[in-house]
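I wanted to look up charge pairs and strand pairing in this model. My entries follow the structure.

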Amino acid sequence: MSVVAAVMMTVGCGNQEKKQAVEQTAAVVEEAPSVSVAQVFVKSVPQEATYTSTVQPYVKNNIVPQTAGRITKINVEVGDRVKKGQILAEIDKVQLQQAQLQLHNAEVELSRLKALYEAGGLSKSDLDAIELQYNVAKTQVDNLIENTTLLSPIDGVITARNYDAGDMYAMSAPIFTVEQIKPVKLLVAVSESDYSKVKKGDKVSIKADAFPDLTFDGKVERIYPTIDPATRTFNVEVVVPNNYSTLRPGMFTRVTVNFGTNNNVVIPDVAVVKQQGSGERFVYILNEDGTVSYQKVELGRRMGTEYEVLSGLSDGAKIVTGGQIRLKDGIKVSVNE
């Protein structure tokens, strides 16, 4: 064998050994991928749910007289704040004046016949008949007064006016709509699964799109007793004091209801692995021997960058939070410090 050939063989053997060493090193890297790990613990998790709703007036009254008549006076406009008992409008009083004259005559006649009855010149049945006529006339006058002088039944704000002075009220649309906006209420459609969790008096928080920087406090005043079979929800009436009249009827809001707290394991969202083709969620658990296990978990509520775990993890478990892409069940890993 020539010297040149011997040198070539030596070089070739050296290259082969280097190649094998590189392959072995790569194999080691593949067998022990580098991961990040976090230890998880049981925490108090607020059981909150957020629903959308629309602000409604606490009370809404349509102001209408019982009979048609000409409107003689309009005292308020849309947007005006009114007090209970304040005169809003007046209707033509011709019929009222006629009824008042009839009542006056009935009163005079009743007074005369009472004196006659006391003198023995009139039977009790005749006196009772006259008293009945008087009472009917008085009731008619009281009714006409109520329906010719329209009063506000509540403290509120005028939200609609459908007639002008001089119009003939035709018993169609109301003359006014008055709404009470201190407080206001919201009807919240809550999921059927939360029916047993909601209690009268529960406190809720409200956010309105119109005031993104404000949070309003309210409480549950009424729980409707039936479930809507189409939506599988039930209505909860929430009342908000609205002392400064900030919220207005028709505003879109988000209502957060707190159902208390649960003590469950909480994990970072980056640890969750979704199984392709299903809705199941998994995490990798770091075992004491340096291997990882593929563990199915049941997730609860999401809180920012964390998830509540309802089942599948124990307190103090160590889970993989980075490097999951190269992992498989039972593989040994190298933990980043």
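**Salt bridges, sheet and patch**

The model is predicted: local features need pLDDT of at least 70 and side-chain atom pairs pLDDT 80 or more, while totals for chains, interfaces and linings use all residues. Residues are numbered from 1 along each chain as its sequence is written, and side-chain values use heavy atoms, without hydrogens and water.

Lys197 meets Asp194 in a salt bridge (3.2 Å, N to O); the term needs a side-chain nitrogen of Lys or Arg within 4 Å of a carboxyl oxygen of Asp or Glu. Asp194 is buried, at 6%.

I searched the whole structure and found 14 salt bridges. One of them joins Arg112 to Glu109, with the closest N and O atoms 2.7 Å apart. These two residues sit three apart in helix 2 (residues 94–118), so about one helical turn separates them (helices are DSSP runs of H or I, at least four residues; strands are runs of E, at least two; both are numbered from the N terminus). I also noted a salt-bridge network that links Glu77, Arg161 and Asp164.

Four strands form an open antiparallel sheet in the order 6-5-3-8, where pairing takes at least two DSSP bridges between two strands. Strand 6 (149–151) and strand 8 (168–169) are the edges, each pairing on one side only. Strand 3 (residues 69–74) and strand 5 (residues 87–91) are joined by three bridges.

Terms used:
Buried < 20%, exposed > 50% of the residue type's maximum accessible area, 1.4 Å probe, protein only.
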